[in-house]
Amino acid sequence: MHIMEGFLPPLWAGVWYVFALPIVVYGAYRVKKEIEENPRNKSLLAVSAGFIFVLSALKIPSVTGSCSHPTGTGVAVVMFGPAITAFLSVIVLLYQALLLAHGGITTLGANTASMGIIGPFTGWLMYRVVSRRLDIKLSTFIAAAVADWVTYVVTSIQLALAFPSGGGVAGVIASATKFLAIFSITQIPLAIIEGILAALLMGYLIQLRDTVVEVTA
Amino acid sequence: MRWKYGVILLISTSILISLVSIASAEEWAGADAKAEEAIGEISPQYEPWFSPLFEPPSGEIESLLFSLQSAIGSLLIGYYIGHHRGTRHARNA
């Protein structure tokens with residue numbers, strides 16, 4: 001669930017735009033480079049974008065009695081790294097902001113920062129750590145689940161920064177607890193589901209084409 | 001290895017289903033609607049300063065666009081998998 005249109009004050013909306021924009025632009029450059037250098041990977045790019053499309057369209061009921069959706073960034077980040085994932089996420093976020101009134105143009109920077117950048121980046125770091133010891137499917141599971149869950153932790157913090165319930169750091173923390181209670185608990189089962197789906201897809205892709213393993217970032 | 005994932009899948013779906021049925025399912029609203037409520041509690045004077053340029057005219061149209069989104073995604077994945085299965089099959093034939 002992205003931050004709704006107009007629900008970040010202009011200052012914070014601007015801050016997150018400034019944070020996200022350079023990374024997305026770099027991601028676009030990397031996508032272009034990847035297609036030029038390894039044309040065979042073009043279709044894998046499409047598959048990882050497709051995974052983001054499918055998963056972020058599914059609003060799933062969860063333990064807290066509310067619904068949320070997975071992010072689908074796990075496969076992209078494992079195969080192509082965080083920069084390309086940021087660019088692919090923006091495509092989906094734009095679709096949802098423009099056509100579905102889900103998320104928004106003013107909050108696009110913040111939503112890109114959480115779903116496209118910080119979440120997948122953390123998942124990617126986890127992947128780098130665990131993939132030396134574990135097989136690729138289990139590593140993908142961990143990367144995707146972490147990327148999903150961290151996305152919503154970041155969303156909570158973004159909202160807490162914009163809406164502290166008191167002065168100073170204490171106000172931000174109090175507010176963050178409130179938003180984390182809404183987002184992060186709802187997201188735990190969804191993150192597990194996303195991890196399983198990502199691992200299944202990854203396993204299948206490897207079966208089809210052994211070179212997928214070489215592609216992984 | 002394969003059965004392990006099956007077990008994980010089974011356990012997590014059963015946990016999900018059981019917890020879902022326990023949860024005080026008031027309305028299954030989106031988590032973003034709940035966040036909106038929380039913002040209202042923290043700073044009641046806050047007014048969204050921008051509204052969506054286009055909003056789906058009804059819930060039906062919204063679900064149309066959501067399903068279109070997932071259809072695009074599954075088309076991409078399905079095409080890739082089908083293509084590679086097919087070429088592999090043809091090579092082995």
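This is a predicted model: local features need pLDDT of at least 70, side-chain atom pairs count only at pLDDT 80 or more; totals for chains, interfaces and linings use all residues.
Visitor: Why is the pattern of chain B written α-α-α?
Guide: Helices are DSSP runs of H or I with at least four residues, strands are runs of E with at least two, and both are numbered from the N terminus. Chain B has three helices and zero strands. Read along the sequence, that gives α-α-α.

Visitor: What makes up the contact between chain B and chain A?
Guide: Residues are in contact if their C-beta atoms, placed from the backbone, lie within 7 Å. The contact takes 47 residues from chain B and 51 residues from chain A. On the chain B side, α1 (2-22), α2 (31-42) and α3 (59-92) each supply at least two residues. The largest share, 15 residues, comes from α3(B).

Visitor: How do the residues on that side of chain B divide by class?
Guide: Ala, Val, Leu, Ile, Met, Phe, Trp, Tyr, Cys and Pro count as nonpolar, Asp, Glu, Lys and Arg as charged, and the others, Gly among them, as polar. The side of chain B that touches chain A has 29 nonpolar, 10 polar and eight charged residues.

Visitor: Why are α1(A) and α4(A) called roughly perpendicular?
Guide: Two packed helices are described by the angle and the distance between their axes. Axes are lines fitted to C-alpha atoms, for helices over the stretch in contact, and angles run from 0 to 180 degrees between N-to-C directions. Under 35 degrees is roughly parallel, over 145 roughly antiparallel, 65 to 115 roughly perpendicular, the rest oblique. The axes of α1 (10-37) and α4 (82-99) of chain A come within 7 Å and cross at roughly 105°. The two helices are therefore roughly perpendicular. Their contact includes Tyr26(A) and Glu34(A) of α1(A), and Ile84(A) and Phe87(A) of α4(A). By class, this contact has 10 nonpolar, one polar and two charged residues.

Visitor: Why is Glu34(A) called partly exposed?
Guide: A residue is buried if 20 or more other C-beta atoms, placed from the backbone, lie within 10 Å of its own, exposed if 12 or fewer, and partly exposed in between. Glu34(A) has 19 C-beta neighbours inside 10 Å, so Glu34(A) counts as partly exposed. Beyond four places in sequence, Glu34(A) touches Asn41(A), Leu45(A), Phe80(A) and Ile84(A).

Visitor: What makes the phi of Ala101(A) stand out?
Guide: Most residues other than glycine have a negative phi. Phi of Ala101(A) is near 55°, a positive value in a residue other than glycine. Ala101(A) lies in the loop between α4 and α5 (108-130) of chain A. With 18 other C-beta atoms within 10 Å, Ala101(A) is partly exposed.

Methods: Residues are numbered from 1 along each chain as its sequence is written. Chains are lettered from A and ligands numbered from 1 in the order in which they are written. Two residues are in contact if their C-beta atoms, placed from the backbone, lie within 7 Å.
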